[in-house]
Amino acid sequence: MPGENSNSAVSLEQREVEAFLDDPSNNQHVKQSWRPYLEASLGFRNHWYPAVFSHDLNRDEPMPVKLLGEGMILRRVDGQVLAIEDRCAHRRVPFSAKVECYTEDTITCWYHGFTYNFRDGKLVAVLTEPGCALIGKMGIKTYPVQEIQGMIFVFIGDGAPPRLGEDVPPGFLDEDLATEGIRRTVKSNWRLGAENGFDTTHIYIHRNSKFMNTTDALLPLGLVPTNKQSMEIVKGPGPKGVVDKLASNYVPVFASTIDNVTVAAKMKPNGQAVAYSVSIWLPGVLRVEGFPSPEITQFEWYVPISEKTHMYWQVLGKKINHAEDAAAFRSEVKSYWEDVALRGFNDDDVWAREALEDAYTEGDGWTKERLFKPDMCLVEWRKLASAYHRGIQKLT
Amino acid sequence: MQPESADPEAQAGQREVKAFLDEPAKHQRVKEGWRPYLEAKLGFRNHWYPAVFAYELNGDEPKAVKLLGESIILRRVDGQVYALEDRCAHRRVRLSAKIECYTSDTITCWYHGFTYNFADGKLVQVLTEPGCALVGKMGIKTYPIQEAQGMVFVFIGDIEPPPLLDDIPPGFLDSDLAVTGIRRDIKGNWRLASENGFDTTHIYIHRDSKVVKATDTILPLGFIPQDRHSMIVVDGPGPKGVVDKLAANYIPVFESEVGAVKVSATMKPSGKVVAPEVSSWLPCVLKLQAFPTPELFVFEWYVPIEESNHWYFQVLGKKVGTTEEATAFRSEAHSFWADVMWRGFNDQDIAAREALEDAYTDGEGWAKERLYRPDTCIIEWRKLASKYNRGIQKSGR
């Protein structure tokens, strides 16, 4: 992990952000620094994204998925996962409308029998015109794939992909990290998913969650940055992200008042502070260290599906020494944390993102939002994403 | 009420309308007279609209409602009704998505604890950042409110609101008028609802209605204007509307023929002809005198919600002498007229509006309609609304 960035240029930028949050109308130029982010309604191109869990592809059955607006078909061939474009080159229909596979490494279009090889996407037969002149000369797009930590990653882009390690949070690929998780479709733009997760005061919505009622975790109403340089901007080499050290650089708010009414966080006799650091990484993945319990790290991907939906990945990781420990951890996630944290806590987030989707479409949020001081982390994330993404995904 | 308009300009205008109805292709320029009306998909801005009935806000529980595309949250504070924009200024989420009120005169956003006062919309606290610099400096929009006749009216606009009286039909606020009603979310643009109600020949669809069957009311198949000046255009001061004197200036049609087949209105031995007068008022309200029976009044608002639906306020009124009479009337309305009139009669209007919605979207009715002579009233309403509205409501507010 690179050290904290403290050169004077950054400080100047952060002072600008501070001025913007105090008085947006006089500092509108600050918004220029996240213009690319505003265009990325379908995400950033030329990055690695998780597509499915390994266990989703246990047999050789082809599986259609959509990422960043692109339809593709995944299939395990001789143990290796391959990905091809989900469109026949002939009339552009999706194969997934009716999947037909006559051999273990091809797919045949249900419409006119155009048959493609999974490894290179080449047209290998046309069932309706044997000896068709197009065979071997035409093909469809294939996608680079990597399988690791029980997840299948696909590179959405053009040209040679960078290392997967550039596009996941530090530590995620560590060999001694055991992982387990779930994924589900959420009805909001991916950026609203990412921002809700990284937002240090959104935790207000979790105060009465099942997680808070069944564990000894202590959660304040919000976390307010103590100084304007409390964010660490990680610009690489390696993954690019914004790190918020919640434990050291923030003041937790446990009670507030409205007139004479006090609103307080849930206090517990032996309560345990959780989530000592939260960070967000390109192309859109969150890491919460020490959550849902001190020895666990939560990773969340918000992978664009369409402009209005994203695949929400919730993966818990724990450092282990033996294979048995890994199995025990996975079993603990499935039997306990999935209910108490991944649903009993994060369902609040899913609900908030869907409310944000209305706010940022019908409510014109990208133009009319009025961010406040604790949102500095969101501004830093927008700026980082705008500066270091590898391309804006467009619908083709 | 203004006297009948007889000035030369108005007469010239009505002659033009006649020529247009006889031969639209040659008189297309007449349509220029209602161009603003065609733009008003979301209604007219800077007018008063009913939002809810007063009894819907009996406790202090906030209630969300959408009018003219604007999301609003209403709450009764110390007896008085207040209205706030239903969006937090911070991240624009709806406060009503999950209502949190810690005190009787504030609402707190469920997301980050931004707390607003109902009276002035000011930000009074941020629970997640006590002492936030924005407190007292930022706020959300409030709406002027008036409660009258058991209804809560909201002013949607930017100007200093005119008196409520300018935006409701004459007589509605009379102290001896008892009123009661219901509201429903109905499919169809508000203008189609308004035109269906004011249309003097649409009553053809009601010939077998429950009102005709369950009362001694007689309804003709339609009403045809006797002369081209039978409409009174009331252009203020006060409310602006078009009044049709059905009893005085129209010929009722009780029977027609298709070849050798006769089509007749339902006739009754001691039947009463009703509805001597119907009028349509800005911004979107209809008044029927002496309907469904001679001693009753009908008031109907068609308040835009979005472009393709409206709040249908169905209100009955009756002149009463005492509070007991008022109570008896309200009870009669909800036990009898709710079934016979609001459902048994007006459900036919609702079906017609839904059919019109398709006709004026997919069917391009605004461009392709072919109006006929009895539709003069609709044209006069479109012209009046185009001329005297206080602004066109635009989407994206």
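The legends below describe close-up views of a predicted model.

**View 1. The contact between chain B and chain A.** Chain B brings 35 residues to this contact and chain A brings 39 residues. About 2900 Å² is buried between chain B and chain A, with carbon and sulfur atoms giving 57% of that area. On the side of chain B, the residues that lose the most area to chain A are Arg91(B), Tyr111(B) and Thr128(B), which together make up 24% of what that side buries.

View 2. Seven salt bridges are counted between chain B and chain A. One salt bridge pairs Arg87(B) with Asp358(A), and its closest N and O atoms are 2.9 Å apart. The elements of chain B that give two or more residues to the side touching chain A are β5 (106–108), β6 (114–117) and β7 (123–126). Sorted by class, that side of chain B has 14 nonpolar, ten polar and eleven charged residues.

**View 3. Thr217(B) and its surroundings.** Thr217(B) belongs to strand β12 (residues 217–218) of chain B. Its relative accessibility is 1%, so Thr217(B) counts as buried. The side chain of Thr217(B) comes to 2.8 Å from the backbone oxygen of Pro292(B). Leaving aside residues up to four places away in sequence, Thr217(B) touches Val211(B), Val212(B), Lys268(B), Lys272(B), Val274(B) and Pro292(B).

**View 4. Helix α3 of chain A.** This helix covers residues 190–198 of chain A and is mostly covered, with nine of its nine residues buried. Among the buried residues of α3(A) are Trp190(A), Leu192(A) and Phe198(A), together with the charged side chains of Arg191(A) and Glu195(A). Gly193(A), Ala194(A), Asn196(A) and Gly197(A) in α3(A) are buried as well.

**View 5. A salt bridge between buried residues of chain A.** The side chains of Arg287(A) and Glu289(A) form a salt bridge, at 3.2 Å from N to O. Both Arg287(A) and Glu289(A) are buried.

**View 6. The salt bridge of Arg45(B) and Glu70(B).** The side chains of Arg45(B) and Glu70(B) meet at 2.8 Å, N to O, in a salt bridge. Arg45(B) sits in the loop between α2 (35–39) and β1 (47–53) of chain B, and Glu70(B) sits in strand β3 (residues 70–77) of chain B, so this pair ties together parts that are 25 residues apart in sequence. Arg45(B) is buried, because its relative accessible area is 4% and the limit for buried is under 20%. Glu70(B), at 4% relative accessibility, also counts as buried.

**View 7. The salt bridge of Asp339(B) and Lys210(B).** A salt bridge joins the side chains of Asp339(B) and Lys210(B), 3.0 Å from N to O. Asp339(B) is part of helix α6 (residues 323–343) of chain B and Lys210(B) is part of helix α4 (residues 210–214) of chain B, so the pair ties together parts that are 129 residues apart in sequence. Asp339(B) counts as partly exposed at 37% relative accessibility. Lys210(B) is also partly exposed, with a relative accessible area of 37%.

**View 8. A network of salt bridges.** Through shared partners, salt bridges join Asp358(A), Glu362(A), Lys66(B), Arg87(B), Arg94(B) and Glu306(B) into one network. Over all chains, a search of the whole structure finds 53 salt bridges.

Conventions
Residues numbered from 1 in each chain as written. Chains lettered and ligands numbered in written order. Predicted model: local features only at pLDDT ≥ 70, side-chain atom pairs only at ≥ 80, totals over all residues. Heavy atoms only, no water. Contact = heavy atoms within 4.5 Å. Buried area = accessible area lost by both parts, 1.4 Å probe. Salt bridge = Lys/Arg side-chain N within 4 Å of Asp/Glu carboxyl O. Helix = DSSP H or I, 4+ residues; strand = E, 2+ residues; numbered from the N terminus. Buried < 20%, exposed > 50% of the residue type's maximum accessible area, 1.4 Å probe, protein only. Polar contact = N/O pair within 3.5 Å; in protein donor to acceptor, adjacent residues only side chain to side chain.
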